[in-house]
Amino acid sequence: MEEPAAAPAPAAHVPRDGAALETRGLTKRYRGGQLAVDRLDLRVPRGSVFGFLGPNGSGKTTTIRMAMGLIEPTSGTVEVLGAPMPRSARRVLPRVGALIEGPALYGFLSGRDNLTRFDAADPTADPRTRAARVGAALDRVGLVAAAGKKARAYSLGMKQRLGLAAALLQPRELLVLDEPTNGLDPQGMREIRTLVRELAADGTTVFLSSHLLDEIEQVCTHAAVMAQGRLLTQGTVAELAGLAASARGRLAVTTPDTADAVRVLKEQGVTDLVAAFDRVTGELPDRDAPDLADLNAALVGAGVRVRAFGRERASLEDAFVALTGEGFDVAG
Amino acid sequence: MWRAERSPGRTERRAEERAEGRYGRLDGAVPAGARAVSPFRQLSLFRSEIGTVFRRWRTLVLLGVLAAVPVLVGVAVKVETGDGGTVGGGGGGPAFLSQVTNNGLFLVFTSLAATLPFFLPMAVGVVAGDSLAGEAASGTLRYLLVAPAGRTRLLLAKLTSTLVFCLAATMVVALSALATGALLFPLGDVTLLSGTTVSFGEGLLRALAVAGAVALSLVGIAALGLFVSTLTNSGIAAMATTVGLLITAQIVDQFPQLAAVQPYLFPHHWLSFADVLRQPVYWDQLLDNFRLQALYAAVFGSAAWARFTTKDVTA
């Protein structure tokens with residue numbers, strides 16, 4: 001609690017203290033004896049955009065369900081917006097919007113009527129503003145034109161948008177989005193990212209579970225990685241990327257003359273050279289590393305045509321693979 | 001310093017103040033304090049629930065089938081008695097059938113007697129069985145719960161909508177029978193089972209009372225279906241189980257050797273509604289029926305509550 005949230009807070013009015021979601025020793029063992037979540041200590045700072053990563057079956061969704069009061073923990077606690085769950089569900093959940101394991105809709109109702117129904121289930125929602133809020137939510141996800149269509153006629157992407165709209169029926173302090181870009185086309189994915197950034201700028205904490213690493217890297221300030229029910233690490237995205245095996249990044253050269261490039265770079269002391277298609281990557285020596293400009297000059301001087309040249313940034317994917325292992329297998 | 005902030009009450013309050021201030025400024029459509037829980041807002045879920053039940057095609061088809069039964073019975077009686085003969089030689093068939101040709105109002109009693117053993121409770125079993133299991137199967141249950149509907153409140157809303165359906169289904173049969181009877185047969189004073197003759201107006205009131213007694217007879221299977229619905233995530237399984245229990249209870253109720261358990265079977269006193277048609281009204285069986293239905297509602301309502309409020313929602 002005493003540590004200041006490391007989130008680059010997007011707006012001044014975002015409280016810098018406290019956690020939007022915090023678990024202590026959170027454990028869930030299902031009736032079959034399967035341990036889905038194992039002593040999880042997760043802390044989502046207020047105002048952060050928090051990426052929740054892990055292979056399928058790693059316990060992400062079980063964690064989210066416990067936080068939303070749908071599943072009772074076997075042991076440990078989970079607090080949402082400072083209140084213990086599931087005990088405080090009725091007080092806390094009106095301030096939380098959630099998209100859990102994909103959208104679920106009434107196929108025989110129109111998109112608009114679906115939202116009206118979910119809004120009616122919230123005892124704090126004002127019936128007088130219901131129609132206006134439903135309209136605004138539809139507008140926000142770009143579904144106004146299809147609002148009168150029966151939801152069973154919706155495509156997966158439209159259903160996903162409607163699910164998001166349900167999470168945005170009220171101003172929320174915390175948004176929990178489980179795989180929000182699932183089923184969306186690239187344009188839709190972009191819109192979601194823009195939406196998440198807008199919401200974060202308004203001060204909403206966004207908790208985003210995804211297996212799309214570049215998505216997390218593009219929008220998140222913080223991230224946590226789970227595997228087999230355990231938390232492997234959590235921190236800012238920059239910190240996590242820094243955990244990657246080669247924190248400094250490899251040298252990468254794009255050139256049609258890969259053979260020549262490999263020869264020249266070897267002479268310059270670059271090791272572990274790999275040539276693939278029109279790209280050569282290599283490890284820069286730890287000591288007495290040559291200046292990148294000199295390297296480039298040497299390549300060009302030797303007649304190597306260089307299309308691109310530079311050092312690769314260590315990505316979240318590197319960190320992820322370093323933590324969970326190369327195999328992206330479903331945990332048994 | 002931070003120790004003080006850890007006290008949940010204070011942190012909570014400050015967070016709420018901040019939140020309200022923030023949204024109050026940013027979003028003029030939501031005035032400060034608009035998020036309070038009021039009884040009026042609590043009712044939204046009940047209205048939405050009832051509306052949703054009656055907007056399903058399945059519900060409308062069930063009601064349509066129920067409405068068709070009195071029409072079929074009425075037309076059959078009319079055709080058979082068209083040459084001046086009597087129905088079934090005055091013997092078999094559902095109760096009151098022989099009186100229908102003299103007074104169309106008796107079609108109401110005949111139709112309720114014909115639909116109560118199976119059609120009506122089956123329709124209720126389908127709606128009650130599907131109530132929570134169907135939401136779980138489609139995944140909408142989790143969104144209702146995070147809305148947050150509240151588990152007890154959602155269960156009460158489901159019970160309410162099922163009971164409203166019981167009443168609606170009974171009224172559909174009664175009104176369809178009344179309309180068919182009025183079209184096909186003469187109407188007039190009503191001779192009760194006890195031999196007393198009452199005016200048509202009072203006969204109508206008695207018909208309404210009979211419909212009420214029939215609707216109350218369905219409370220037991222509604223509660224049973226709701227409980228079954230909390231046990232599974234498959235709407236079909238819950239419907240089939242509930243209807244299966246209905247058939248089992250009806251069969252067990254037929255065997256004289258099982259007389260010991262029969263007074264506790266929910267269909268056992270169903271046909272007691274005929275006692276409304278006596279002068280004075282014969283209350284013993286009717287009250288036995290209502291007590292039994294109340295017992296079922298209490299036992300299976302509590303069981304449904306115990307199950308639903310502690311269950312892990314994984315669908």
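Modeller: Quick one before we start: pLDDT is the predictor's confidence in each residue, from 0 to 100. We need that here, since this is a predicted model.

Colleague: What makes residues 328–332 of chain A a stretch to treat with care?

Modeller: On that scale of 0 to 100, pLDDT stays under 50 over residues 328–332 of chain A, and the model has seven contacts beyond four places in sequence for them. Residues 1–16 of chain A also stay under 50, with 31 such contacts. As a whole, though, chain A averages 83, and 86% of its residues score at least 70.

Colleague: Why do β12 and β15 of chain A count as paired?

Modeller: Pairing takes at least two bridges, and four join β12 (residues 251–254) to β15 in chain A, so they pair. V253(A) stands opposite F309(A) there.

Colleague: What makes the contact of α3(A) with α5(A) count as having no charged residues?

Modeller: α3(A) gives G111(A), N114(A), L115(A) and F118(A), and α5(A) gives L162(A), A165(A) and A166(A). Charged means Asp, Glu, Lys or Arg, so the tally is five nonpolar, two polar and no charged residues. These helices pack at about 35°, with their axes 10 Å apart.

Note on methods
Residues are numbered from 1 along each chain as its sequence is written. Chains are lettered from A and ligands numbered from 1 in the order in which they are written. This is a predicted model: local features need pLDDT of at least 70, side-chain atom pairs count only at pLDDT 80 or more; totals for chains, interfaces and linings use all residues. Side-chain values use heavy atoms; hydrogens and water are left out. Axes are lines fitted to C-alpha atoms, for helices over the stretch in contact, and angles run from 0 to 180 degrees between N-to-C directions. Contact means heavy atoms within 4.5 Å.
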